[in-house]
Amino acid sequence: MDSTPQYDRGDIAWVLASTAFVWLMIPGCGYFYSGCARAAKNALAMIMSSVLCIVVVSIQWYIWGYSLCFSKTASFFIGNMDNAFLRNVLSAPSVSNPAVPDLIFMIFQCQFAALTPSLAIGSAADRVRLFPLVVFVFLWSTLVYDFIACWTWNPHGWSATIGVLDFAGGTPVHITSGFASLAYALIIGRGAKSSHTRDYKPYSMPNVILGTCFLWFGWFGFNGGSALNGTMRAGMAVVVTNLSAAVAAVTWMGLDYLKFRRFSALSFCSGAVAGLVAITPAAGYVGISPSVAIGFLGGAACNGAAHFKNWLNFDDVADVFAIHGVGGLVGSLLTGVFAEQYIAALDGDVIQGGWMNGNWMQVPRQLADCAAGAGWSFCVTYLILLVMDRIPGLSLRVPREELIRQHADDTKTAISAYSQSKGRVTYYHVDRIISIDPETGEQHIVHDEFIESQSSPRQTLLSASSPAPTSPLPVPYETYKMSNMPSY
């Protein structure tokens with residue numbers, strides 16, 4: 001007699017399809033970030049970095065990631081090694097939903113674990129080295145994501161025990177990645193051209209739009225699949241996800257129009273993703289009309305937070321903290337307000353509901369979960385990066401000279417082309433770049449490419465922070481002081 005538990009094949013099919021949807025979000029995230037990068041080579045690096053997260057986290061998930069998150073005898077703080085190397089992970093009922101077998105639940109949650117670090121690294125764009133990034137993703141997944149996922153989704157976790165409502169990852173995915181990206185941006189530092197300078201423009205808006213489409217499509221499986229069944233609750237999660245994204249996109253575009261008097265594709269894409277983030281923790285707990293409020297409030301809050309980096313003076317190229325960190329916070333708190341018992345009951349789940357059902361204590365529970373997730377993510381990420389920065393070969397930051405050299409390559413066409421002034425065309429070529437420490441006056445040759453030419457004398461380009469040379473140059477100094485060169 002077959003002792004294997006009997007499962008609904010439709011539920012398994014929906015969860016497997018949702019797994020593929022969530023997988024598609026990871027390259028979608030890479031395309032979104034690549035469009036926000038500063039140059040073509042940085043765009044390729046961002047796509048590669050996102051896809052690498054799938055590889056690194058899949059291996060980490062096999063070794064101990066799944067066991068630390070979802071072992072059936074976990075403590076309130078972290079799991080154990082009972083399921084290390086996926087031992088005994090097959091057809092037994094999963095820890096989160098007995099209607100889905102362990103193996104199916106494991107691969108579905110693996111995509112969540114892979115997506116989260118790919119969101120977090122978007123704040124660094126062109127400023128990190130590949131090998132240290134791989135090490136960071138492995139460590140971060142173990143020390144940050146696995147802990148917070150266990151708190152929230154393992155029935156033994158302290159957050160789940162006190163009754164926090166998080167349907168699809170407001171804290172484990174979005175708050176965690178958002179605050180990790182803030183720590184990442186502060187440690188890595190500003191890039192060659194900061195994302196809040198006037199001349200900064202995304203490298204490729206088509207890439208941003210393509211990434212947004214992948215994300216929006218994948219989010220139907222991200223939220224709908226988190227029901228772990230093919231019931232009306234999954235259908236409601238898909239409906240409110242779509243509506244919240246649409247409302248937030250219009251909200252962000254409207255706010256940007258009030259400030260800049262124009263609509264932009266970047267406003268649309270940022271707003272849509274903000275709405276998707278905000279509805280994530282609430283997707284399986286709220287009805288259609290509350291999703292409109294969540295989309296509007298989430299889009300407005302994230303739009304305001306996107307300008308906050310100007311005051312804090314950190315460089316977050318893709319506004320990861322503003323969209324995912326702040327959006328996750330707003331969505332989680334609003335879940336405590338709008339969660340309703342009848343929505344959860346669509347698949348037989350029983351909850352106390354939120355403030356709308358008279359359970360105002362749900363809001364402080366949500367706040368405690370948000371604060372713990374944000375604090376743990378930021379502090380542990382900051383500590384990991386500080387330690388790695390002091391180990392030879394593991395510093396994530398691209399050396400200063402390399403950044404300047406990259407910027408010189410990016411602007412090679414402009415440097416070697418022509419400038420027009422009063423109808424006169426002037427050709428010039430710069431073959432040496434020197435960085436000068438404004439405090440010590442020490443000079444360092446960053447780029448030296450001597451080209452013999454009778455008509456083109458050897459010329460030097462100084463970084464924007466350098467003082468004007470005392471000896472005369474062949475042509476006025478302003479010709480060589482490029483306004484868009486990085487300051488060091």
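Relative accessible area, taken with a 1.4 Å probe on protein chains only, sorts residues into buried (under 20%), exposed (over 50%) and partly exposed (in between). The views below show a predicted model, in which local features need pLDDT of at least 70 and side-chain atom pairs count only at pLDDT 80 or more, while totals for chains, interfaces and linings use all residues. Residues are numbered from 1 along each chain as its sequence is written, and side-chain values use heavy atoms, with hydrogens and water left out.

**View 1. Tyr-62 and Phe-85 form an edge-to-face aromatic pair.** Rings of Phe, Tyr and Trp (for Trp, the six-membered ring) pair if their centres lie within 6.5 Å, and planes under 30 degrees apart count as stacked, over 60 as edge-to-face and the rest as tilted; by this rule the count comes to 25 aromatic pairs. The ring centres of Tyr-62 and Phe-85 are 5.4 Å apart and the planes stand at 75°, so this pair is edge-to-face. Because Tyr-62 lies in helix α2 and Phe-85 in the loop between α2 and α3, the pair ties together parts that are 23 residues apart in sequence; helices here are DSSP runs (H or I, at least four residues), numbered from the N terminus. Tyr-62 is partly exposed at 40% relative accessibility, and Phe-85 is likewise partly exposed, with a relative accessible area of 45%.

**View 2. Phe-85 and Asn-88 have positive phi values.** Phe-85, a residue other than glycine, has a phi near 60°, and Asn-88, which is not a glycine either, has a positive phi of about 60°. Asn-88 lies in the loop between α2 and α3 and is exposed, with a relative accessible area of 67%.

**View 3. Phe-112 and Phe-222 form a stacked aromatic pair.** The two rings are 4.4 Å apart centre to centre, with 15° between the planes. Phe-112 lies in helix α3 and Phe-222 in helix α7 (residues 205-224), so the pair ties together parts that are 110 residues apart in sequence. Phe-112 and Phe-222 are both buried.

**View 4. Ring pairs link six residues into a cluster, namely Phe-76, Phe-77, Phe-147, Trp-151, Trp-158 and Trp-376.**

**View 5. Helix α12 (residues 320-338) meets helix α14 (residues 362-389).** Their axes, which are lines fitted to C-alpha atoms over the stretch in contact, with angles running from 0 to 180 degrees between N-to-C directions, come within 7 Å and cross at roughly 160°. That makes α12 roughly antiparallel to α14, a term for angles over 145 degrees, whereas those under 35 count as roughly parallel, 65 to 115 as roughly perpendicular and the rest as oblique.

Definitions and conventions
Helix = DSSP H or I, 4+ residues; strand = E, 2+ residues; numbered from the N terminus.
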